[in-house]
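I open this notebook to record what I looked up in a structure that is new to me. The entries follow the order in which I consulted it.

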Amino acid sequence: NLDVVMMHAYGFRQTVASLGTALTMEQGKLLSRFADRVVVLYDADAAGRKAAMRSLRVFLSYPMDARIVSLPQGEDPDSFIQIYGREAMASLLGDAEPLSMWCVKQQCESILAAPLELRKHSLGELGDVLKLFTDPLAQRHFLDESARILSMDPKRLAEALSMAYSTRVVARADRKSV
């Protein structure tokens, strides 16, 4: 994979590739044995965004801090590092955002960009992402963030997604922190 070769050539020696756009559970397990933090860096095209979205399920299955770098449209790691250099790539990697939040924002942006008659389908895809969070606190957090981005009431969004919206989850968490 030329992307990995170029990353290594520019000094990013802990770079690996899933080969193809499908990160498997087995690859996730292997990564979790060697790294606490993973930065996802796919091509800046529809296939790369789709692969990043699919990787969320894998990274939520293992104890890793999964982050993502968004390259400029039309770029891949190879072209970006050759044009902008090592320092620019290091800067992007240092500014990587949590993959979970990126996936939620991507789904919300998809909803907002869709014509009204097609938003129900996009809303269902957001629900699929939110249901990946098995921790009730994480699921509630990302549901609330989705509602904020979509300018919706969180309870109404939960209803639209056929998800429970309980205030008890937050109350229990508050008591634990006291």
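Entry 1. I note at the outset that the model is predicted.

Entry 2. I looked up how the strands pair. Strand β1 (residues 37–40) runs parallel to β2, and 4 bridges join them. I found that R37 has D65 as its bridge partner in β2. Between β2 and strand β3 (residues 97–98) the pairing is antiparallel, over 2 bridges.

Entry 3. I then asked which residues of β2 lie on its covered face. They are A66 and I68, while D65 and R67 form the uncovered face of this strand, residues 65–68.

Entry 4. I turned to helix α6 (residues 99–113) and helix α7 (residues 119–130), whose axes are 8 Å apart at an angle of about 170°. Because angles over 145 degrees count as roughly antiparallel, I recorded α6 as roughly antiparallel to α7. Among the residues that meet are C103, V104 and I111 in α6, and L123, L126 and V129 in α7. By class, I list 9 nonpolar, 3 polar and 2 charged residues in this contact.

Entry 5. I looked up A160, which is found in helix α9 (residues 154–160). A160 is partly exposed, as its relative accessible area is 43%.

Note on methods. Residues numbered from 1 in each chain as written. Predicted model: local features only at pLDDT ≥ 70, side-chain atom pairs only at ≥ 80, totals over all residues. Heavy atoms only, no water. Axes fitted to C-alpha atoms, helices over the stretch in contact; angles between N-to-C directions. Parallel < 35°, antiparallel > 145°, perpendicular 65-115°, else oblique. Contact = heavy atoms within 4.5 Å. Nonpolar A, V, L, I, M, F, W, Y, C, P; charged D, E, K, R; others polar. Buried < 20%, exposed > 50% of the residue type's maximum accessible area, 1.4 Å probe, protein only. Pairing = 2+ DSSP bridges.
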